[in-house]
Amino acid sequence: MEEGKVYSPDGVFAHLAMLEAQAHEAAVKQEEKEQQEEKLARLKARVQELRAQRDELRAKVDLQQKGQLGKEGVVSDPAQPSARAVVEWNIKRIKAMLQVFYLTGISGKLTKRGVCFCISTAYEGTYLDSYHLDLLTKPEEVQIHRHSIPIFIPLEQIATKYLQTDIRRFLAVLSDHLNAYVGRRYQADQLQEHFSNQIEGTLQRNSLCNLLVFNYNVSKKSQTFPFNARLLYGDLCCSLPTEVIVSCTPDAPASLAARAAAHSDAFRRVALHKAFRSFGSAAESVDGAP
């Protein structure tokens, strides 16, 4: 009687679901640990930013006081700062920004006409690509001179919104877009490289990698369970999907539909290739069960 319970389909599916849940929980804990480390790095960067803002305010006060003092130390009528003073102020402000962004993967160097930024991207501690952005700093405005940002990244919209009013915010948002894009691309590449035996046909993705569609199967002993997945990344600054649909054949048993729901939840919570690794670990545990 006990033997029948162990090898019955419902018992196997229940045990598999339990193992998948445990694997998902372990993956989630690892993801939370990585998020905590990223949060710490952001807090350190925020401290640097606040210090830079303090220094900027002090410099601005000094500049205003100098502009209001006459040759004999008498306060004169306030005057608009000269174009040279504005340029010098912009250069000082940009130097402060370079120090702030050092901890966030953004570096830069001053040029004769402005500054050239390098935005380095990474995912899960793996360095991926670097993108360059050459800015011209003029007294009246900041202009993008040239860049290597992919065409499908909404650079123009981000620049229109932030470049003239908050260059720190402009660089931070642009970095978020680039890191999220390379993160999505990295996950899709890892899936194709390490789990090609489970993928049926071609993984379909667009240039921004914010829509992935693929068929895959999970095997257990002599049985193969087919699934179809559609992942939509509605937030372009995020490397995890906002909408996931995992389906199986219409005539599939209820236990298989429950597994599809578990897969959908995993895709929302952890990286794509980590989710697949947890599926495989759970299946192997069931196969090796006594």
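Reader: If buried means under 20% relative accessible area, exposed over 50% and partly exposed in between (1.4 Å probe, protein chains only), is arginine 146 buried or exposed?

Author: Arginine 146 counts as exposed, because its relative accessibility is 55%. This is a predicted model, in which local features need pLDDT of at least 70 and side-chain atom pairs count only at pLDDT 80 or more, while totals for chains, interfaces and linings use all residues. Residues are numbered from 1 along each chain as its sequence is written, and side-chain values use heavy atoms, with hydrogens and water left out.

Reader: Which residue forms a salt bridge with arginine 146?

Author: That is aspartate 134, and the closest N and O atoms of the two are 3.4 Å apart; a salt bridge here is a side-chain nitrogen of Lys or Arg within 4 Å of a carboxyl oxygen of Asp or Glu. Aspartate 134 lies in strand 3 and arginine 146 in strand 4, so the pair ties together parts that are 12 residues apart in sequence. Aspartate 134 counts as buried, since its relative accessibility is 11%.

Reader: How many salt bridges does the structure hold?

Author: It holds 6, and one of them joins lysine 274 to glutamate 124, with the closest N and O atoms 3.2 Å apart. This pair links distant parts of the chain, as lysine 274 sits in helix 7 (residues 272-287) and glutamate 124 in the loop between strand 2 and strand 3, 150 residues apart. Lysine 274 is buried at a relative accessible area of 14%, whereas glutamate 124 is partly exposed at 27%.

Reader: Changing topic, what order do the strands of the open sheet have?

Author: The sheet has 4 strands in the order 1-2-3-4, paired antiparallel, and its edge strands, which pair on one side only, are strand 1 (106-110) and strand 4 (142-147). From one strand to the next, the twist averages 30 degrees. Strands are DSSP runs of E with at least two residues, helices are runs of H or I with at least four, and both are numbered from the N terminus; two strands pair if DSSP finds at least two bridges between them.

Reader: Over how many bridges do strand 2 and strand 3 pair?

Author: Strand 2 (residues 114-123) and strand 3 (residues 126-137) pair over 9 bridges, and serine 120 has serine 130 in strand 3 as its bridge partner.

Reader: And which helix packs on the sheet?

Author: Helix 5 (residues 167-194) does, touching strand 1, strand 2, strand 3 and strand 4, and its direction makes about 150 degrees with that of strand 3. For such angles, the axes are lines fitted to C-alpha atoms, for helices over the stretch in contact, and the angles run from 0 to 180 degrees between N-to-C directions. A salt bridge also connects arginine 185 and aspartate 129, whose closest N and O atoms are 2.6 Å apart; arginine 185 belongs to helix 5 and aspartate 129 to strand 3.

Reader: What does arginine 113 touch?

Author: Not counting residues up to four places away in sequence, arginine 113 touches Leu135, Leu136, Thr137 and His145, where contact means heavy atoms within 4.5 Å. Arginine 113 has its place in the loop between strand 1 and strand 2, and it is exposed, with a relative accessible area of 53%.

Reader: Which elements have the lowest and the highest mean pLDDT?

Author: Helix 1 (residues 2-7) has the lowest, 46, and helix 4 (residues 155-162) the highest, 95; pLDDT is the predictor's confidence in each residue, from 0 to 100. The chain averages 77, with 59% of the residues scoring at least 70.
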